Amino acid sequence: MPQVSLTVNGKRHTVEVETRTLLVELLREKLGLTGTHVGCDTSQCGACVVHVDGTSVKSCTFLAVQADGASVTTIEGLAAADGTLHPMQAAFREHHALQCGFCTPGMVMSAIDLVNSHKERMSEAEIRHGLEGNLCRCTGYHNIVKAVAAAQEVMHGRAQAAE
Amino acid sequence: MAEIALSTAPAHLRHGSNSGQPLTRRDGLLKVTGAARFAADHHPPGLLHAVIAASTIARGRVVSLDLAAAMAHPGVVAVMTPAHKPPLAADPDAKTNPFMFRLDLLQNDRVRYAGQPIAVVIAETLEAATEGAALLAPRYQREPARVGFEDATVFTPPAVGVGSPAEVVVGDVAAELAAARLRIEATYETPAQYHNPIEPHAIVAAWDGEKLSVDTPSQGLAMARARIAGLFGIPAENIEIRSPFLGGGFGCKGMLSGPQVLGIMAARLVGWPVKLVLRREQMFGPVGHRAPSRQTLRLGAEAGGRLRALDHHTLTASSTFDDFFEPASNASHTLYASPALRSAHEAVRLDTGTPLFMRAPGEATGSIALESAIDEMAAACAMDPLAFRLENYAEVEPISGKPFSSKALRECYARGAERFGWTARPLAPGAMRDEAGLLVGWGVGTATFPALMFQGQARAVIRADGTGLIECGAQDMGQGAWTALAQIGADGLGLDLEQVEFRAGSSDLPDAGIAGGSAHTATAGMAIHAAGADAIGRLAALATGDERSALFGAGNAGVIARAGRLYRRDDETRSERYADILARAGLFEIDGRGSGAADPVALARYAMHAHGAVFAEVKIDPEFGQIRVSRLVGAFAAGRLVNPRLVRSQYYGGMIWGVSFALHERAVVDPRSGRVMNANLAEYRVPVNADVPSLEAILVEEEDPHVNALGIKGVGEIAITGSAGAIANAIWHATGRRLRRFPVTLEQVAGVAG
Amino acid sequence: MNLFEYVRPASLAEAIAAGAAPGAAFLAGGTNLLDLMKGGIARPSRLVDLTRLPGLGAIERGPEGGVRIGALVRNADLAHDPDFAQRFPAVAEALLSGASAQLRNAATVGGNLMQRTRCAYFYDPASACNKRDAGAGCAARGGERRLAAVLGASEQCIATHASDFCVPLAALDAVVEIAGAAGTREVALEDFHLLPGATPERESVLAPGELILAVRLPAAAAAFARHARYLKLRERTSYAFAVVSAAAALRIEAGAIVEGRIALGGVAAKPWRARGAEAVLSGQKPERALFRRAAEAALAEARPVGDNGFKIELARRIVARALALAAAGTPARLPALPASPFAPVPGGPHG
């Protein structure tokens, strides 16, 4: 079986995997990082979004072997060591941008990448389009947009965090 | 601070200060950090993975499975088939109560719908189990599938929904229709829809002798436990089901589903813990759906718009082997006054999985047709559709003649219309365009949902340190039970929320009833409220009967519980801390029990419903027929709101489901094979964020002294109703096209359908 | 997913050799291939991971103003390259109207060309599909075919090509650079994908072992930058495949169209270049009636499958609209909803 070496949330791992093992299964079943969820298996719902080398990808459609040498960040790796939430996490919590919470980790990871790649203030329409790859069935879309709109101000140093 | 009165004054008149607060959810931190553990997140030692092989035919028999190929795949441990499975103590096709649904547990080689489990492969890894299932390569003896309404015999079901009569008649519909000055008749079609919570059904099951430990999402823990106990012939006490978080449910996690039981069977078969998670495509078959409908409405009205007859007929479909009949026509029972009213249902049996409750079952399906028809009748009367609805406002429940326990619908209409700017609406369709040239239309729909209660229990404890504990097997599928029920619990114990530990989501806790029917907060909330009152009562008895207590002899004057102290009602300078009362009595804790259920006397006397009005604006590209809902304003009255922030989220969610019902979701079924051809989240379209308009939910105050002591109605489902119809009506207003097949498609709207 | 061998070639030659073996498949972003493998539609015995090959990840501006896009350039990187987006705005708009941000982050330029159809029967191993299994028959013909091809379909196959990106590429005379055991060759993008005919299992001109090196846009393509749009009709506001789409690009001088380019998406097994319609535009004044005439010409050969004739009329309308939007001028900034009819240009072409 191939060996994969990767950094996950700042910690280096070397793991044996089958070639067909998906990144999400590696994270969930081998590394116990179950905050990344599987909702559709087919790269449509966005519950499995993680960052690979800083950009958001759907980890259900990404082979573990493809992540060899990469740096992966999951929802568990966002908060500071002292528990201080990432501004996006804080905004989701504060703006009630979640209901059942199953889509939330993927939504937060996508939203962070979206804000990181838009230094200028995004309009509501841009945020809505930018989150097209993350489905919320409950559906908390409206508050999610509010949370992202607030978090972008904090992330780009235009406002204080929600907490 | 919170207080509860121990005198006879009804609680809703003196409700505490935890309830009513727009608190953020208590589970928020867990959910934004990935620490909330859903069922599939569990990984006990020795875990094996199970994957279902599902039928690709809708009707026939499985002739063969290539067991050798599957078993030869590295990592495969076992293949569970009809010939090789652990024994069950009960027939999965037996049905001993109407809430029990027949399950497909490999009882034989028959196939009765596409997607039916026909084998389960258990392996060391998910990958191996998945490939093992693919290698089974089943061969079938195929029989023609019955797919559409035309393929089967129409009959009248014995009951629809949960025990409602298939036909209810008030007055003489034929005579009133004949006498009516204006009549319309229209037929509306709604498709099969699938719940599709983002969390697929998942189970981690572990046996220890005759004891069973289960992690699985459940909207009804006690019923699930009883079902498992019956199927496996073990005492319910031997089973622990944990379901602290559901990744959405919408009804498909209400009853224990076949695949969940298969996970338990697989664990039994191999003697190791097993995890079984459905693939998304497997969510389109064995876990329920909203049945398709063809609804015909016939309305008659006087020239001034007063209704004389309302006849709502639904043709729907159940499976060939079980009964669930979407009670769509019952949506016409409650909203519009009419001297003659008939709701009727007929059905066919198709080769599908059994349909089930799906968010606003019956109400959503019936509402889009009813609200469309009401709009058509208003147009026939040349009346503003809101004015028409007010003209036919029901002062008593039309189907029963009972007064409403409360009904603030007029205020919903008024507040919603004002906020929306409804008075500027031109009567004629096709009269509005925006600055970019898009067609603009405005529509209204009335929302309604019954205020139901099931039966639930709870336990409340006051501990030696003066803090509280609430135990209640409630289920949080996203609606916010962890927060709202704890708020009620804190009030019940006269404590601040931070001082109360709230335990829920496990079958070891008191049965809190099913989280469905928008009844959970009322049912579990009443149980918690009563349990708190019981605990406080017992604490008060300790104090008032003890001459060392400042409360000694309070007797008939009674005491008030507030902020961790009991006060004499007639002299609030005399009070005592909970902790001191318990300490003096030498008690570690004192507990109380409570139950919640509808009051049969009130039920007999009053019709109980939540109401609302939804106003929609759509923008339509006239050439392409592509639609966007650009504004949606809903005003809802649902009794007392425990947590307005949570309530608003439920309304938003429901309104977006209304958008989805009108414009998006539809199972595409192959007419030959009976298979769902869009069993994925790309082609089974639910709204994405960009589909969501400017949304506004207005919370209309409503005091209901009858519905229950807390005055709580439900909020989880109502907002779908009204919203879907409002959008359909707005499309007509924008285009002049009355589209009656949902979801509306581009080609219909653009007028280029073949 | 079946067990497979995973190889990571260090050079192009190694990749070509590894990919030529029967049962081998090239892996780049994997956004489509891995889904096909999970569904059992593709069962390669060997995956040849191209993503670490050197030299295929650059966006290079040519001396005359054209651009050469390496096959491994990610969709997102290309769409957000300011120079590229400015000179080829319709291509950027098409890219951003497809899939979602996460998929665009993973999907590559080469992979986009190689994506498979979204036909439900192709995606379903239990259904007959000539594309998946030559000679098996076409279950789509008697089934759900609302979105089936209306141009270039055959008795054997009515599937459409799902790419947005390829549509403006076809309009702008893109060229595909191909490498194989015998060396490199070039094929016009317009000729890269094959119509189904009697062999729908053959989807492109690539021979086994051949792979895409780069896609080139000629300098002349940049001349359309001021009047170029991509427009896509969808069944939800975003994150959906096209019902029909169109790329339109115009060179307008002194109030007349010097040259026009039109291609359609969602209508055929390949991005559909509408040369006949382009001829209608040449030398004419840009106006609605002309655009409608061009649209009629673009769909002149179209034939419905079952009752999907609506697609033909919607395709005409989307061509006419895309032309009108292009004539009105490329917006300075891409709309928040790329390629959407709901992102109208101020003073736009509606009523």
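Start at Val175(C), whose bridge partner in strand 8 of chain C is Arg216(C). This is a predicted model, so to speak of a pairing here is to speak of what the predicted coordinates show. Strand 8 of chain C covers residues 211–217, and strand 6 of chain C runs antiparallel to it over five bridges.

Strand 6 of chain C has another partner too. Residues 175–180 make up strand 6, residues 183–188 make up strand 7, and these two strands of chain C pair in the antiparallel sense over six bridges. If you want a spot to look at, find Glu177(C): across from it in strand 7 of chain C stands Glu186(C). Strands 6 and 7 of chain C form a hairpin, with two residues between them.

Now zoom out to where chain C meets chain B. On the chain C side, 33 residues are in contact with 33 residues of chain B. Which element of chain C gives the most to that side? That would be helix 12 of chain C, residues 310–328, with six residues. Sorted by class, the side of chain C that touches chain B holds 15 nonpolar, eleven polar and seven charged residues.

Chain B itself is worth a walk through. Its domain 1 comes in two stretches, 39–144 and 196–283, while domain 2 of chain B spans 453–597. Between the C-alpha centres of these two domains of chain B there are 40 Å. The domains do touch, with 19 residues from domain 1 of chain B and 13 residues from domain 2 of chain B taking part. On the domain 1 side of that contact, helix 5 (221–232) and strand 12 (239–242) of chain B are the elements that give two or more residues. That side of domain 1 of chain B is made up of eight nonpolar, eight polar and three charged residues.

Chain A is also divided into two domains, domain 1 at 3–77 and domain 2 at 87–155. Here the C-alpha centres lie 21 Å apart. Domain 1 of chain A puts 14 residues into the contact, and domain 2 of chain A puts in twelve residues. On the side of domain 1 of chain A that touches domain 2 of chain A, strand 3 (49–52) and strand 4 (55–58) of chain A each supply at least two residues. The largest share, three residues, comes from strand 3 of chain A. What about charge on that side of domain 1 of chain A? The residues there divide into six nonpolar and eight polar, with no charged ones.

Methods
Residues numbered from 1 in each chain as written. Chains lettered and ligands numbered in written order. Predicted model: local features only at pLDDT ≥ 70, side-chain atom pairs only at ≥ 80, totals over all residues. Contact = placed C-beta atoms within 7 Å. Helix = DSSP H or I, 4+ residues; strand = E, 2+ residues; numbered from the N terminus. Nonpolar A, V, L, I, M, F, W, Y, C, P; charged D, E, K, R; others polar. Domains from an automatic or database assignment. Pairing = 2+ DSSP bridges.
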